[in-house]
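Student: I'm new to this structure and would like a close look at one part of it. Could you walk me through that part slowly?

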Amino acid sequence: VNTTSATITGDASIGGDLSLGDNDKAIFGAGSDLQIYHNASNSFIQDVGTGKLHITSDGTGVSIDKGTSELMATFDTDGAVTLYHNNAAKLATKATGVTVTGEMAATTMDLSSNAQIDGTLTVDGNIESGAVLKIAGAADAVNNYGAIENSNTSLQIYASSNSGVNKPINFYHSNTGGSLSLEVLASGDVEVTKGNLVVGTSGKG
């Protein structure tokens, strides 16, 4: 059937392709609210109405792909939202937060709660905090940790233990083979275990 216009008031069944030219639109809604078209350069699913554009699934989820071979984003039903870079997962949501695979770069970062780092923290700049920077080992990070705190009147470095055992503060230097050089005991005594204690610009004791 060739026609310049047609109005269908009931159901229509099409057994083949429905071909639309560039900038020809499939329009839905009394106010032309949803429009699907191609403008010779890009394809559009355009919601020009007053409500929201919903993409729903009662299956396992929704996937945005590059062709049929690479993933760009997946939205699992009652599960993770995963973003991909060149078909490699980089960010995924989970019940307790998000998982980032690879390097995360940010110009600023504000943490309103605790941050746990299972690895090396390298800072090229300043760490500004009104709280305490805690440094703990994996063995008993809750009960035993070192802390650096700016109390606004002084910089405080201390060892804390919730288990009731007083902990010393140890200082190491790579020139001594990584061995203990100075130790501040829980009693307040200071022990120099390697080298000499130099006071001022001259003299050794």
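Student: Let's start with Leu111: does Leu111 count as buried or exposed?

Tutor: Some housekeeping before the answer. This is a predicted model, where local features need pLDDT of at least 70 and side-chain atom pairs count only at pLDDT 80 or more, while totals for chains, interfaces and linings use all residues. Residues are numbered from 1 along each chain as its sequence is written, and side-chain values use heavy atoms, with hydrogens and water left out.

Now, Leu111 counts as exposed, because its relative accessibility is 58% (buried means under 20% relative accessible area, exposed over 50%, partly exposed in between, with a 1.4 Å probe and protein chains only). You'll find Leu111 in the loop between S8 and strand S9 (132–135); strands here are DSSP runs of E with at least two residues, numbered from the N terminus.

Leaving aside neighbours within four places in sequence, Val98 is in contact (heavy atoms within 4.5 Å) with Ala92 and Thr93. Val81 is 17 residues away from Val98 in sequence, and their C-alpha atoms are 9.3 Å apart.

S8 belongs to an open, antiparallel sheet of five strands, ordered S4-S5-S6-S7-S8; two strands pair if DSSP finds at least two bridges between them. S4 (61–66) and S8 stand at the edges with a single partner strand each, so one side of each has no neighbour in the sheet. Strand S7 (residues 88–94) pairs with S8 in the antiparallel sense over four bridges, and Leu91 stands opposite Val100 in S8.

Going back along the sheet, S6 and S7 run antiparallel and are joined by four bridges, with His85 opposite Ala88 in S7. Their hairpin has two residues between the strands, and Asn86 takes a positive phi near 50° there. Strand S5 (residues 70–76) and strand S6 (residues 81–85) pair over three bridges, where Phe75 has Val81 as its bridge partner.
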